[in-house]
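Visitor: Please show me the structure, and then let us go through some of its local geometry.

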Amino acid sequence: MLKAKNISVSYNVDKKALDGVTLEAKENQWIMLLGPNGAGKSTLIKALSRVLPYEGEVLIKGQDIAHIKPRKLAGMLGVLQQSNPVNYAFTVEEIVQLGRYAFRGGIFSKPRQDNEEKVEQALLWTGMSDFRGRKITSLSGGERQRAFLAQVFAQDPDILLLDEPSGSLDLKHQQALFDLVREWAQKPGRCVISAVHDLSLARKYGSHAILLRNGKAPAQGSIQTVMSRDNLSAVYGMDVHQWMKDMLVQWA
Amino acid sequence: MKASEGFSPGQHLVFQLLVLIFIVAGIAMGSVMLPLVDTLDTLWALISGASLPQSSASAILVHVRIPRVLSAALIGAALSLCGAAMQGLLRNPLADGSTLGVSSGASLGAVIAISLGITVPALPFAGTVMMAMLFAFASLMLILALSYSFDRSFSTQTIILMGVIFSMFASSLISLIMAFSGDKLRSITFWTMGSLAGTTYVNVLILLLALVFFGGLITLHGRELNAFAVGEENALHIGVPVRRVKLTVMIAVSGLIGVCVSVGGTIGFVGLIIPHITRMALGPNHRKLLPASFYFGAIFLLLCDLIARTVVSPVELPIGVVTSLIGAMVFVFIFRGRKRKER
């Protein structure tokens, strides 16, 4: 569904944040971008969603995203950011309705008929129906993130990009968010790419993974292969498997 | 669609009637109080095309008060609309035409026109208008170009910072010009304080055209401004053509502010506090916020103009002084309320 070829991003002249990363996402895959801080996970998400200028080529269903109009791209690609600080007291419903922006029609085009239905569905799915009238500024971090997940569900894209979506969430909200995304991704014609810090979450929910280090991708493939002891040790500079096992012992 | 819809035609009508009441009040009241009956008679004669009553009252109305009051309403509406748009676009409740540096740029242009006596033959006023608009556009372009050269992502913080720096720069240039302006100092000083004295029907017409064109352009972007107000990156993700919208709204705002400044001088705080109060009352949705700011801005400036004309009559206060006095106090009050709520 999504192919990225030789993606490079440089924030300044002498250092590349991403250096020739190539990847492919297929239907119903959930690809986890893994790696230590500064490896280029978020940068890759930002390049794929056209937030950052990049070198290389990103194709969605064979079309170069550099030449796709914003509204059309919104139907193909949705993004959930790490955090969404909002200054103004929009209601949850207003936030979710913005997800249908690209399908509202304009002076020369009619709005899509299913706009309201998609908004209602998204509110229902994410359990935000009771929150629809609440102000986004009054919500907790977890509730706010769910409101923006509802927005991106309402947008109804084929591909979902997540940038450390659970960064500020507690365990319960993390689980709820990832369960929702997994359910979403299992429908036909969909896939997910997410930057994740928590390796356990990646292992539990991901189908595939790309390991990043210093802007390069030394390993990619199925989640089991990529998250092998050797791969993780090389990238994180420690025996990750042993560490995880030691952690588990604490709970025995 | 419920929540994102704007006002119904009926609600618009209520707002329009409210503005109309304030316009009529503004016309009837002043240093010389005119009986409401005479005012309405004259207004009716004007509208219906009948011959005007031959009285000094009707002469005051037709030649002085009506153009002035209409200018006040239009400028108030325009400045407030611009403030609302900028606050949404830049996600900053402190943004305003002045924060962007557009007002100062426009002022600089107008001051240069006044001091050098730049006029267009047969249209003596057009020199100031043209220069104010030209400088408003030019300063906007300069601020955007500088912001872009420092920060390729074009972030709003950089733009505001550039705007503030540019404002200071333009103000000092204005002071410099005033120091060398000799006999024109009085008219420049009076003008920089903001004044609607001596506005004509030509002014009203120019304001009206600018408001229909630029104001219409801004109002058409309500949904996009909602998206910007939530977050620029989020706007990009949901499919808003971010750069085009940003540029369109900024150009419309600078055009409108340029025209307002050329007619009424620097009239501060309208674009800051009216959208602020409107947002507190009606919420941040621009489909409502933009038209409501428009109406409330008109009413606010009509009131300020009335105060400027009557409070120490026959002496008239510069309207910019009145708006700033009221605006600064209201703003402190709002800020205090907000801080208390946070505690």
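Visitor: Which residue in E4(A) stands opposite A:Ser8?

Guide: This is a predicted model, in which local features need pLDDT of at least 70 and side-chain atom pairs count only at pLDDT 80 or more, while totals for chains, interfaces and linings use all residues. Residues are numbered from 1 along each chain as its sequence is written, chains are lettered from A and ligands numbered from 1 in the order in which they are written, and side-chain values use heavy atoms, leaving out hydrogens and water. Strand E1 (residues 2–10) and strand E4 (residues 55–60) of chain A run antiparallel and are joined by 5 bridges; strands (E, at least two residues) and helices (H or I, at least four) are DSSP runs numbered from the N terminus, and two strands pair if DSSP finds at least two bridges between them. Opposite A:Ser8 stands A:Glu55.

Visitor: Which residue takes a positive phi in the hairpin of E4(A) and E5(A)?

Guide: E4(A) pairs with strand E5 (residues 63–64) of chain A in the antiparallel sense, over 2 bridges. A:Ile60 stands opposite A:Gln63 there. The hairpin has 2 residues between the strands, and the one with phi near 50° is A:Lys61.

Visitor: Is A:Lys118 buried or exposed?

Guide: A:Lys118 is found in helix H4 (residues 115–125) of chain A. Beyond its neighbours within four places in sequence, A:Lys118 is in contact with A:Arg100, A:Arg112, A:Ala154 and A:Asp156, contact meaning heavy atoms within 4.5 Å. Buried means under 20% relative accessible area, exposed over 50% and partly exposed in between, with a 1.4 Å probe and protein chains only. Because its relative accessibility is 18%, A:Lys118 counts as buried.

Visitor: What is the phi of A:Asp156?

Guide: A:Asp156 lies in the loop between helix H5 (141–155) and strand E7 (159–163) of chain A. At 22% relative accessibility, A:Asp156 counts as partly exposed. A:Asp156 is not a glycine, yet its phi is positive, at about 55°.

Visitor: Where is B:Phe269 found?

Guide: B:Phe269 has a positive phi near 75° and is a residue other than glycine. With a relative accessible area of 26%, B:Phe269 is partly exposed. Its place is the loop between H11 and helix H12 (270–282) of chain B.

Visitor: How many Å does helix H6 of chain B reach from its first C-alpha to its last?

Guide: H6(B) covers residues 156–179, which is 24 residues.

Key: The expected span of a helix is 1.5 Å times one less than its number of residues.
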